[in-house]
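Welcome! Have a look at the sequence and the model below, and then let us walk through them together, one part at a time.

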Amino acid sequence: MYDGHKYVRVTISAPDVDADDVVVRRARRADLLAIVRIENASFPQPWPYDAFETFLGEPGFLVAVTDDDRIVGYVVADVTTTHGRSIGHIKDIAVHPACRGRGVGSRLLTRSFVTLASHGADSVKLEVRTSNEDAKRLYREYGFESLRRIRGYYDDDEDAIIMVRELE
């Protein structure tokens, strides 16, 4: 959480779930606090609450929800047209730390592909930190290929890898 000067770690609890235990649906305003908590627990430079708020109502802003209505992951994606092509862009994706490695991120990715394709995207791109080996491995499993490196992309000056995948 950003307190004006430094980032503070926030500890949150979540159920121990598998992908089969969750439903993916569009994000709602009531989900935002849980989304921001997962964001803060997941990234050294998290998005603020109002960044997520701007995506409310977008078809590609999805959450993974348990039977007892707990948010355990989310994805923020949209479609833009560039040079006559509609390209999906996964802007942010995270799973609660206690729920990682159980297929929740895969379920979110798969559903985002369907959503982006239904809104005209013929490919999907994303940016990933060069140091995030787990995410890069997941993206490669889902057909993403590295396109190029952007030096100093993140605020802490870490490079990003642009990865792209064609949609069917």
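The protein chain contains four helices and seven strands, where helices (H or I, at least four residues) and strands (E, at least two) are DSSP runs numbered from the N terminus. Read from the N terminus, the order of elements is β-α-α-β-β-β-α-β-α-β-β. The chain has 168 residues, and 45% of them count as buried; buried here means under 20% relative accessible area, exposed over 50%, and partly exposed in between, with a 1.4 Å probe and protein chains only.

Before going further, a word on the model. It is predicted, so local features need pLDDT of at least 70 and side-chain atom pairs count only at pLDDT 80 or more, while totals for chains, interfaces and linings use all residues. Residues are numbered from 1 along each chain as its sequence is written, and side-chain values use heavy atoms, with hydrogens and water left out.

**Strands and turns**

Let us start with the strands; two of them pair if DSSP finds at least two bridges between them. Strand β2 (residues 61-66) and strand β3 (residues 71-82) run antiparallel and are joined by five bridges. Within this pair, Leu62 stands opposite Val75 of β3. Four residues separate β2 from β3 in their hairpin, and Asp69 in the turn has a positive phi of about 65°.

β3 also pairs with β4: ten bridges join these antiparallel strands, and Tyr74 faces Ala94 of β4 from the opposite position. Their hairpin has two residues between the strands. His83 is exposed, with a relative accessible area of 83%.

Another residue other than glycine with a positive phi is Asp157, at a value near 75°. Asp157 sits in the loop between β6 and β7 and is exposed, at 56% relative accessibility.

**The nonpolar core**

In soluble globular proteins, nonpolar side chains tend to be buried together. Here, the largest nonpolar core has 26 residues, of which Ile90, Leu108, Tyr139 and Phe144 touch the most other members. Such a core is a set of buried Ala, Val, Leu, Ile, Met, Phe, Trp, Tyr and Cys residues joined through side-chain atoms within 4.5 Å. Two or more residues of this core come from each of β1 (22-26), β2, β3, β4, α3, β5, α4 and β7. α3 gives the largest share, five residues.

**The largest pocket**

How much space lies in the largest pocket? The volume is about 1100 Å³. On a 1 Å grid over the protein atoms alone, a pocket is an open set of points where a 1.4 Å probe fits, with protein on both sides within 12 Å along at least five of seven lines, and lining residues have an atom within 4 Å of a point. Grid points are joined across faces, edges and corners, and the volume is the space filled by probe spheres set on the points.

The lining has 38 residues, and the closest to the pocket centre are Phe43, Ile93, Asn132, Ala135 and Tyr139. At least two lining residues come from each of α1 (32-42), β4 (85-95), α3 (104-118), β5 (123-129) and α4 (133-141). β4 gives the most, with seven residues. By type, the lining divides into 18 nonpolar, nine polar and eleven charged residues; Ala, Val, Leu, Ile, Met, Phe, Trp, Tyr, Cys and Pro count as nonpolar, Asp, Glu, Lys and Arg as charged, and the others, Gly among them, as polar.

**Salt bridges**

The structure holds 13 salt bridges, each being a side-chain nitrogen of Lys or Arg within 4 Å of a carboxyl oxygen of Asp or Glu. The table shows some of them.

| Pair | N to O distance |
|---|---|
| Asp68 and Arg70 | 3.2 Å |
| Arg129 and Asp156 | 3.1 Å |
| Arg151 and Asp159 | 2.8 Å |

Asp68 is partly exposed at 45% relative accessibility, and Arg70 is partly exposed at 37%. Arg129 lies in strand β5 and Asp156 in the loop between β6 (145-150) and β7 (160-166), so this pair ties together parts that are 27 residues apart in sequence. Arg129 is buried, with a relative accessible area of 11%, whereas Asp156 is partly exposed at 41%. In the remaining pair of the table, Arg151 is exposed at 64% and Asp159 is buried at 11%.
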